[in-house]
Amino acid sequence: MRIYLIQRNIRVKVSVAVGKIALFRRPAVGAVVLVTSGAAVMLNGTVPVAADPTSLGSLTLTPTTGTDLTVPHLVTSAGCPADADGINVIVNGPNNFTNYPIVSTTDVGLSHDSPMTVDFGVSMKDAASDQSTSLVAGTYNVIFQCTQGLGATPIGTFTTAMDFSDPTHYTVPGSSSTPTPTATATPTPTVTPTPTATPTPTGGPTPTPTAT
């Protein structure tokens, strides 16, 4: 490896073991051009680090209450960025439940201009078993990711969560866990029949006494 550092007409060559890398500094702007294997990358004094994926909106999970055997349904509030070419869903939570792909990367259901829907691939109980762990009380974050490229790099996310009160029952934060009461029908009162009028006796003519 040979490294060339040029600044104000001073050239320093450093020989290392393998390959060739050249660094050139422009005094006027302080930028560095890194050339390796024929590719060039601009660096501003530090190695670039991938930015955190942008939050794109909200994620609705239904049913809002359920058990470890429930397979939830997800709906995003919007579509993915135009340069996204895939989607996936990961879940993170306590007890070594880490970045589990509850929905594997796919382009099925991908949209760039409207909300997207997808179902969990498995229940939370099966997901825990697949990681040789078990569910415990705590919050499990559900992250719907818009991805790009063969490495499925996240470029935007929609998030929600599942709060497990115990290993088998969850509630989505912010949702009401109290079921809506069922309306009880009021019985129609029975109509009391109208009493039948007693007929008035018909008066007959009083017979005339016969004279003796």
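The link of C80 and C146 is left-handed, with -80° about the S-S bond. The S to S distance in this disulfide is 1.9 Å. A disulfide here is a pair of cysteine sulfur atoms within 2.5 Å. By that rule the count comes to one. C80 lies in the loop between β8 (73-76) and β9 (86-93), while C146 sits in strand β12, so the bond ties together parts that are 66 residues apart in sequence. C80 is buried, at a relative accessible area of 4%. C146 is buried too, at 0%. Buried means under 20% relative accessible area, exposed over 50%, and partly exposed in between (1.4 Å probe, protein chains only).

This is a predicted model, in which local features need pLDDT of at least 70, side-chain atom pairs count only at pLDDT 80 or more, and totals for chains, interfaces and linings use all residues. Residues are numbered from 1 along each chain as its sequence is written, and side-chain values use heavy atoms, with hydrogens and water left out.

**Strand β13 and its partners**

Strand β13 covers residues 153-166. Strands are DSSP runs (E, at least two residues), as are helices (H or I, at least four), numbered from the N terminus. Two strands pair if DSSP finds at least two bridges between them. The pairings of β13 are set out below.

| Partner of β13 | Sense | Bridges | Residue pair |
|---|---|---|---|
| β6 (residues 54-62) | parallel | four | T54 opposite G156 |
| β14 (residues 169-171) | antiparallel | three | D166 opposite H169 |

Two hairpins involve β13. β12 and β13 form one, with four residues between them. In that turn, G149 has a positive phi of about 80°. β13 and β14 form another hairpin, with two residues between them.

**Confidence**

pLDDT is the predictor's confidence in each residue, from 0 to 100. The protein chain has a mean pLDDT of 76. Of its residues, 58% reach 70 or more. Over residues 1-51 the pLDDT is below 50. Beyond near neighbours in sequence, this stretch has 70 contacts in the model. Contact means heavy atoms within 4.5 Å. Where pLDDT is low, the predicted coordinates should not be read in detail.
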